[in-house]
Amino acid sequence: LITLARSAAEAGADLFWVGRGDDGELRHDLMGALGEIRTTVGLPVVVDVWDPGEVDRLSRNADALQIPSAQMQDVPLVRAAGQGDRPVLIARGPSSTIEEWLLAAERVLQGGNRKVALVEQGVRTFETSVRAMLDLNAVAVARRLSHLPVLVNPSLAAGQADIVSDLALAAAATGCEGIILDADVPGPDGATSHRQALAISEAAQLIPKLKRARAALVR
């Protein structure tokens with residue numbers, strides 16, 4: 001993680017997202033890595049939170065918390081995040097409506113935490129060639145219905161790395177406030193840890209394009 005964070009900083013990333021995999025295990029060495037990334041690499045860290053009991057501990061070791069899509073409707077977790085002092089990212093559930101997504105964010109706001117953002121990362125459809133369908137309609141609608149920042153994670157929607165760059169550039173064209181990418185340092189065989197993960201060298205080529213697209217929109 002620390003090596004990847006350094007590479008991400010060199011590639012031009014503005015923050016470092018740490019997912020929790022499929023099992024969500026919260027290991028002690030992860031806590032140490034989060035602290036080192038913040039102090040020695042200098043990137044703000046966003047980490048997934050899966051359980052209300054994790055909120056306080058992770059808040060001490062990260063700059064922001066993300067509630068993953070599978071936990072979006074976990075009311076105790078959302079309320080616990082709302083009582084904390086760290087910014088909270090709400091990832092939209094794969095079967096959630098825009099209204100349900102916004103209501104989850106509203107629960108955080110009701111807890112007193114005003115630092116909330118929304119993350120679109122795909123919804124379930126009948127299409128089987130991709131993991132989920134990236135819903136850019138929802139990005140546009142949410143930005144009109146809410147004052148909250150909207151970010152997009154094309155990696156988790158795609159489920160395959162070869163279309164992530166195209167989706168990311170399309171998302172940037174909506175004027176969203178940020179793009180979250182799954183990236184990795186390839187192993188000796190050239191493979192990344194997840195099918196949707198870009199090699200960090202590919203992310204380094206993509207990030208300047210995203211920033212240029214964003215700059216063109218705000219002119």
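Lys115 lies in the loop that connects helix H5 (98-110) and strand S5 (116-120); helices (H or I, at least four residues) and strands (E, at least two) are DSSP runs, numbered from the N terminus. The structure is a predicted model, in which local features need pLDDT of at least 70 and side-chain atom pairs count only at pLDDT 80 or more, whereas totals for chains, interfaces and linings use all residues. Residues are numbered from 1 along each chain as its sequence is written, and side-chain values use heavy atoms, with hydrogens and water left out.

With a relative accessible area of 44%, Lys115 is partly exposed; buried denotes under 20% relative accessible area, exposed over 50%, and partly exposed the range in between (1.4 Å probe, protein chains only). Not counting residues up to four places away in sequence, Lys115 touches Asp85, Arg86, Pro87 and Val88, where contact means heavy atoms within 4.5 Å. Lys115 and Glu54 are 61 residues apart along the chain, and their C-alpha atoms are separated by 18 Å.

From Leu148 to Gly175 the C-alpha to C-alpha separation is 13 Å, and the two residues are 27 apart in sequence.

The strands are considered next. Strands of a sheet pair through backbone hydrogen bonds, either parallel or antiparallel. In this model, seven strands form an open sheet in the order S1-S2-S3-S4-S5-S6-S7, with parallel pairing; two strands pair if DSSP finds at least two bridges between them. Strand S1 (16-18) and strand S7 (178-179) stand at the edges and have a single partner strand each, so one side of each is left without a neighbour in the sheet. S1 pairs with strand S2 (residues 45-48) in the parallel sense over three bridges, and Phe16 stands opposite Val45 in S2. S2 and S3 run parallel and are joined by three bridges, with Asp48 opposite Gln66 in S3. Three bridges also link S3 and strand S4 (residues 88-91), again in the parallel sense; here Gln66 stands opposite Leu89 in S4.

Gln66 belongs to strand S3 (residues 64-67). Gln66 counts as buried because its relative accessibility is 2%. Both faces of S3 are covered, with Ala64 and Gln66 on one side and Leu65 and Ile67 on the other, all buried. Leaving aside neighbours within four places in sequence, Gln66 is in contact with Trp17, Val46, Val47, Asp48, Val49, Leu89, Ala91, Val119 and Ile180.

Helix packing was also examined. Two packed helices are described by the angle between their axes and the distance between the axes. Here axes are lines fitted to C-alpha atoms, for helices over the stretch in contact, and angles run from 0 to 180 degrees between N-to-C directions. Helix H4 (residues 75-82) packs with H5 at an angle of about 45°, and the axes are 7 Å apart. H4 and H5 are therefore oblique to each other; angles under 35 degrees count as roughly parallel, over 145 as roughly antiparallel, 65 to 115 as roughly perpendicular and the rest as oblique. The H4 and H5 crossing is right-handed, a crossing being right-handed if the near helix is turned clockwise from the far one by less than a right angle, and left-handed if anticlockwise. Val75, Val78, Ala81 and Gly82 of H4 meet Ala104, Arg107 and Val108 of H5. By class, the residues of this contact are five nonpolar, one polar and one charged; Ala, Val, Leu, Ile, Met, Phe, Trp, Tyr, Cys and Pro count as nonpolar, Asp, Glu, Lys and Arg as charged, and the others, Gly among them, as polar.

For helix H8 (residues 164-172) and helix H9 (residues 200-218), the axes come within 9 Å and cross at roughly 20°. This angle makes H8 roughly parallel to H9. The crossing of H8 and H9 is right-handed. Ser165, Ala168, Leu169 and Ala172 of H8 make the contact with Leu206, Lys209, Leu210, Ala213 and Leu217 of H9. The contact of H8 with H9 comprises seven nonpolar, one polar and one charged residues.

In helix H1 (residues 2-11), the buried residues include Ile2, Leu4, Ala5, Ser7, Ala8 and Ala11. Gly12 follows H1 and has a positive phi, near 105°.
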